[in-house]
Amino acid sequence: MNDQSNTPEDRSTRLKGMGCSRKRVEDVRFTQGKGNYVDDIRMDGMLFGDFVRSPYAHARVVSIDSAAAMKVPGVLAVITAKELEPLGLHWMPTLAGDKQMVLADGKVLFQGQEVAFVVATDRYAASDGVAAVEVEYDELPVVVDPFKALEPDAPVLREDLAGQTTGAHGPRRHHNHIFTWEVGDKEATEAVLAGADVVAEEMVYYHRTHPSPLETCGCVASMDKVNGKLTVWGTFQAPHAVRTVASLISGIAEHNIRIISPDIGGGFGNKVGVYPGYICAIVASIVTGKPVKWVESRMDNLMATAFARDYWMKGRIAATKAGKITGLWCHTTADHGGFDACADPSKFPAGFMNICTGSYDIPVAYLAVDGVYTNKAPGGVAYRCSFRVTEAAYFIERMIEVLAIRLGMDAAELRRINFIRKDQFPYQSALGWEYDSGDYHTAWDKALKAVGYDALRAEQAQRLADFKAGKTRRLIGIGLAHFTEIVGAGPVKNCDILGLGMFDSCEIRIHPTGSAIARLGTISQGQGHATTFAQIIASEIGIPADDITLEEGDTDTAPYGLGTYGSRSTPVAGAATAMAARKIRAKAQMIAAYLLEVHDDDVEFDVDRFAVKGAPERFKTMKEIAFAAYNQAIPGLEPGLEAVSYYDPPNMTYPFGAYICVMEIDVDTGEHEIRMFYALDDCGTRINPMIIEGQVHGGATEGYAIAMGQEIAYDEMGNHKTATLMDFFIPTSWETPHYTTDHTVTPSPHHPIGAKGVGESPNVGSVPAFSNAVHDAFRPFGLVHSHMPHDHWRVWKIARDLGLHG
Amino acid sequence: MSKMHITLTVNGTAVEGLAEPRTLLIHFLRETLRITGPHIGCETSHCGACTIDMNGKSVKSCTVFVGQAQGAEITTVEGLVNADGSLGVIQENFREHHGLQCGFCTPGMITRAHRFLQENPAPTEAEVRFGMAGNLCRCTGYQNIVKAILASAAQLNAAKEAAE
């Protein structure tokens with residue numbers, strides 16, 4: 001047993017712990033089609049539910065006649081708000097402190113809104129039933145523009161709020177106004193703006209888009225009337241919170257509800273919210289006594305489940321003539337659609353939009369956000385983003401470029417002279433955050449050198465000269481972005497969702513033979529938790545990662561946690577994992593000392609064992625220690641070897657990165673070609689480089705889609721114009737660029753293993769890099785700003801409007 | 001609605017079942033035959049999660065009526081494992097090169113790659129990207145999928161050469 005021939009390095013390699021590109025354990029089942037997603041679940045007698053949806057964006061529901069539908073073979077029930085009302089379930093609370101109709105209660109507020117729920121023996125019969133339900137509507141005036149929604153005579157959308165001059169986040173000043181959220185020093189900022197050498201001003205719109213995971217949302221609800229237990233399998237990014245919310249709104253005791261998130265086919269924020277489909281499936285199961293499945297179609301998903309962004313950000317940035325930024329002002333109009341169903345920590349109605357000072361040392365700043373109701377779908381979720389960080393990063397990275405134009409400066413240099421310096425961390429931002437760590441100059445210089453920035457600028461200048469000389473019709477744009485994220489929500493003292501503190505958890509049990517199982521309060525949606533969290537444990541307690549099973553998503557077995565979104569799994573649950581492992585290691589040390597007959601302090605941890613200090617040949621492996629924990633009566637110690645940790649982080653983590661995009665643009669067609677995309681990420685300690693790289697590729701591709709074509713668009717009547725994948729742009733392998741990844745490592749000082757989280761960085765950082773590249777190409781011709789998405793048509797229009805088509 | 005008697009060969013096994021003529025092949029595979037590898041991502045032929053191999057061609061099974069598949073030879077991702085139950089070459093390379101994350105597109109992606117590499121056994125990277133463009137992935141940005149397919153091509157060709 002005493003394998004002294006192995007060097008510590010050999011033993012460490014065998015563990016497959018932190019820092020190695022361990023292959024994913026999930027892939028063996030996924031690559032052969034043996035995943036278990038919600039739609040794969042089938043139960044005896046299972047029924048299928050589907051929605052009648054509103055064809056109108058704003059209308060009164062005059063009547064709903066389900067008689068014909070009930071005659072359709074296979075249809076068993078048609079549920080409307082009238083049936084839900086006695087249960088108090090015709091409306092439900094949103095995560096943002098508002099309430100939302102489960103089924104249309106007298107009126108509809110957006111096209112695609114859920115009006116009735118048809119329950120049938122299979123999906124085809126349910127669809128027939130949906131077609132047979134007759135609904136009479138009385139159309140109302142529609143408002144899709146958030147600025148028009150705030151005009152005095154705008155149509156009243158939320159009649160249920162009549163007379164309520166105070167909402168969940170303070171005063172409401174208009175019938176379509178939801179909240180005003182203010183941060184920073186308005187007076188001081190405006191004084192700086194008034195006296196500044198230079199003030200650049202711009203309206204930056206981050207358009208409405210959608211997370212659109214490849215698997216849509218769905219669930220199977222099963223009420224067991226014999227034992228009174230409700231089980232719901234669903235696409236839930238936060239299963240424990242769903243259980244608590246389900247208990248609070250249904251009145252079913254929490255111990256009688258079991259929520260299970262099986263394999264999830266991508267989430268990206270879309271699966272954080274609670275949707276009418278879940279409630280209706282649960283009610284249908286209670287009514288029929290049978291399991292009921294609801295799985296939305298792609299069109300349902302794009303029309304009705306949570307959208308993202310839709311922020312109109314008006315900015316003013318002040319600087320000295322030399323380019324030192326002296327102040328930042330921002331007013332945002334946030335279009336929330338018919339209900340405020342944003343998924344943000346309760347005290348942050350505009351999420352972490354106040355990270356909008358970005359990577360820069362800005363002495364004074366002010367931010368105000370006004371939330372507005374319109375006749376669009378509700379949502380405003382964080383699409384691969386920590387609560388509006390994407391909007392904030394896009395805003396500041398566009399404002400920097402606009403300022404560079406005003407100053408006539410190189411945008412890379414402007415960033416460099418304004419970065420927060422390494423010696424300023426921990427850094428207190430003007431809008432209230434304490435940045436834990438960073439080294440922006442090092443990352444920036446590394447990035448510029450890696451892409452050959454000066455040579456690129458020279459090539460770009462030559463191309464411009466050639467263009468002007470009529471030798472080419474293609475321009476080069478160099479898109480720069482340096483982003484700072486704020487992830488890992490969060491300290492319970494200021495972050496909660498519906499009153500639930502945003503800690504997270506891990507429970508580890510070591511089996512007698514030295515293998516282990518760990519359970520977490522999070523849930524993977526493709527991030528590879530079963531692979532990476534086992535690596536943390538392997539490094540912390542010296543059990544091979546391959547000997548550790550990892551489970552998440554079952555509220556009956558996993559410890560309580562707030563789930564996976566906002567890049568919080570590694571910063572919060574990853575920390576809990578390390579802390580639980582350290583509790584086990586502490587007990588293992590006592591067991592080892594007992595077995596080696598020395599004092600606790602005389603043994604030390606060595607990769608996969610405890611050895612006597614100064615006598616490394618005397619040791620007990622973790623395997624031996626585990627067995628001893630179960631078969632030896634050790635004085636003063638309980639048998640067994642397990643631990644649980646609930647981790648409340650002292651601060652958020654602040655990953656950052658430098659992204660550079662080189663793009664060629666055809667002036668006559670508006671088409672683009674991404675010649676290079678370089679992504680440098682600093683996510684602190686790196687657990688699995690292969691998975692980090694994969695996250696960057698995927699997030700940057702989402703960013704590419706958003707910047708270059710993806711949008712949720714409505715016409716003036718509130719008709720949804722992008723409800724299929726024909727119209728809603730998701731890049732294929734053909735147009736997706738090639739990515740070069742790089743990194744620096746600045747560990748988080750407060751995280752047990754120094755990790756910061758990375759999943760969302762590439763979406764946050766890539767959108768401004770792509771967008772800035774488009775703008776940069778046209779900068780010599782006077783373009784200051786143009787709204788995304790930069791699809792071929794819009795880019796062609798930029799060229800036309802600048803008179804470049806001759 | 002009266003039902004049709006459907007007979008198919010799926011992954012080398014003769015199977016049969018009853019289905020309404022309007023039933024989509026993907027629903028017949030998933031719900032009647034319980035072959036749940038192929039997934040449903042859009043029901044409009046855009047995403048390719050439901051891709052299967054039917055009579056030697058890649059087919060999006062969400063836009064085929066089951067009656068159109070009468071008597072067909074079908075291969076799904078489940079049929080691409082080796083006889084001993086180990087992962088097939090393409091499956092193994094997707095794992096090796098991190099060509100998947102959430103796994104939802106993976107069955108369709110691998111089944112398409114299986115057919116693509118028979119159509120073009122020695123593709124360039126650009127040909128892989130073009131040949132795989134009917135299958136959407138939201139997680140990986142395709143870079144590692146392309147890598148996995150190119151690695152598979154090399155291995156399959158080396159194996160073929162060795163056999164000859």
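Contact means heavy atoms within 4.5 Å. This is a predicted model, in which local features need pLDDT of at least 70, side-chain atom pairs count only at pLDDT 80 or more, and totals for chains, interfaces and linings use all residues. Residues are numbered from 1 along each chain as its sequence is written, and chains are lettered from A in the order in which they are written.

Q: Which elements of chain B are included in what covers the buried residues of α2(B)?
A: The buried residues in question are B:Ile90, B:Gln91, B:Asn93 and B:Phe94. Their cover includes α3 (106–119) and α5 (143–163) of chain B.

Q: Which residues of chain B lose the most area to chain A?
A: Buried area is the accessible area (1.4 Å probe) that two parts lose on being put together, summed over both. Between chain B and chain A it is about 4,600 Å², with 54% from carbon and sulfur atoms. On the chain B side, 18% of what is buried comes together from B:Arg95, B:Arg138 and B:Gln143.

Q: How far apart are the closest N and O atoms of B:Arg22 and A:Asp128?
A: A salt bridge is a side-chain nitrogen of Lys or Arg within 4 Å of a carboxyl oxygen of Asp or Glu, and the rule finds five across the interface of chain B and chain A. B:Arg22 forms one with A:Asp128, where the closest N and O atoms are apart by 2.8 Å.

Terms used
Heavy atoms only, no water. Buried < 20%, exposed > 50% of the residue type's maximum accessible area, 1.4 Å probe, protein only. Helix = DSSP H or I, 4+ residues; strand = E, 2+ residues; numbered from the N terminus.
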